[in-house]
Structures are given as structure tokens and as C-alpha cells.
Amino acid sequence: LESEVAALVREQPPRRGFFVSSFLPHVVEHLHAADKSMPLAVICDSAQQLAGWTSLPVEALFLERGLVTPGIIESLHGAGKEVFVWTVNREREMRQFADLGVDGIISDDTKLLAHALRG
């Protein structure tokens, strides 16, 4: 399916910034093989998964909120990677992650997120 996804993204490119992502490292590698220009991300929900990012052709990491620390953000930014945190549904955490300098926050409550980041 990775080559089909790559072909569809080429045929119908998103209008704004995007990443194609997966929890599965081999899927990320196959997507890269199908289209080296596609912006890729890996989704991490464990420390073990996070530790393997260095071998992947990714521009971003989507981290479960329990994995995000100032040191992780600094390390990933230092390596030129974007950092997104998921799933953040509490206003206090939204502000904390924004203050830490993550590049994006994924939430089920977008209205609350917009409110939290305005203030």
C-alpha cells in the first residue's frame, strides 16, 4: 500500500503542510523508498519506539505525551526534526507543551486547544 499512498499524494498533493506517518518503522521505510520527497513522520507510543527514530528517514516525530520532555524536544530539534505531541486534551497540558516549544499539539478538543493557545 505504501506505493499507492505515495502515488495518491503525488496526484492530489495537500494544499498545506503535511506528514505521512505510521507507528510501523518498516512502513515509513517503504514510503521513503516509494517517494523520497514525501515528508514522513514516525508515531511513537513507547520509549523503545522513540529510541529507533535515528534509523528512519523522517522529518518529524509524533510523540505520545508521556514521552515528551524538554531534553527530548531539544535533542530532536537539534537533529532538525519537528516534534508533535498527542493526544493532549487538558488546557494546562496544552499550555505546558506549547511553552516547551513543541511544533504541534494533537487534541480531540480543538476548540479548547485554540482557546488555550490564544491566552
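Predicted model: local features only at pLDDT ≥ 70, side-chain atom pairs only at ≥ 80, totals over all residues.
Which hand does the crossing of α1 and α2 have?

1. Residues are numbered from 1 along each chain as its sequence is written, and side-chain values use heavy atoms, with hydrogens and water left out.

2. The α1/α2 crossing is right-handed (the near helix is turned clockwise from the far one by less than a right angle). Helix α1 covers residues 2-11 and helix α2 residues 25-34; their axes are 8 Å apart, at an angle of about 50°. Axes here are lines fitted to C-alpha atoms over the stretch in contact, with angles from 0 to 180 degrees between N-to-C directions; helices are DSSP runs (H or I, at least four residues), strands likewise (E, at least two), numbered from the N terminus.

3. Who touches whom? On the α1 side we have Glu2, Ser3, Val5, Ala6 and Arg10, facing Val27, His30, Leu31 and Ala34 of α2 (contact means heavy atoms within 4.5 Å). Sorted by class, that contact has five nonpolar, two polar and two charged residues.

4. Have a look at Asp35, in the loop between α2 and β2 (40-44). Asp35 is buried, at 11% relative accessible area (buried is under 20%, exposed over 50%, partly exposed in between, with a 1.4 Å probe and protein chains only). Leaving aside residues up to four places away in sequence, Asp35 touches Ala6 and Arg10. The side chains of Asp35 and Arg10 also make a polar contact of 3.1 Å (N or O atoms within 3.5 Å, one able to donate a hydrogen and the other to accept it).

5. Now α5 (residues 91-100) and α6 (residues 110-118): the axes come within 9 Å and cross at roughly 55°, which makes α5 oblique to α6. This crossing is right-handed too. Glu91, Met94, Arg95 and Ala98 of α5 meet Leu112, Leu113, His115, Ala116 and Leu117 of α6, giving six nonpolar, one polar and two charged residues.

6. Asn89 sits in the loop between β4 (82-86) and α5, partly exposed at 33% relative accessibility. The Asn89 side chain has a polar contact of 2.9 Å with the side chain of Ser107, and one of its polar atoms lies 2.8 Å from the backbone nitrogen of Asp108. Among the residues Asn89 touches are Met94 and Leu112.

Definitions and conventions:
Nonpolar A, V, L, I, M, F, W, Y, C, P; charged D, E, K, R; others polar. Parallel < 35°, antiparallel > 145°, perpendicular 65-115°, else oblique.
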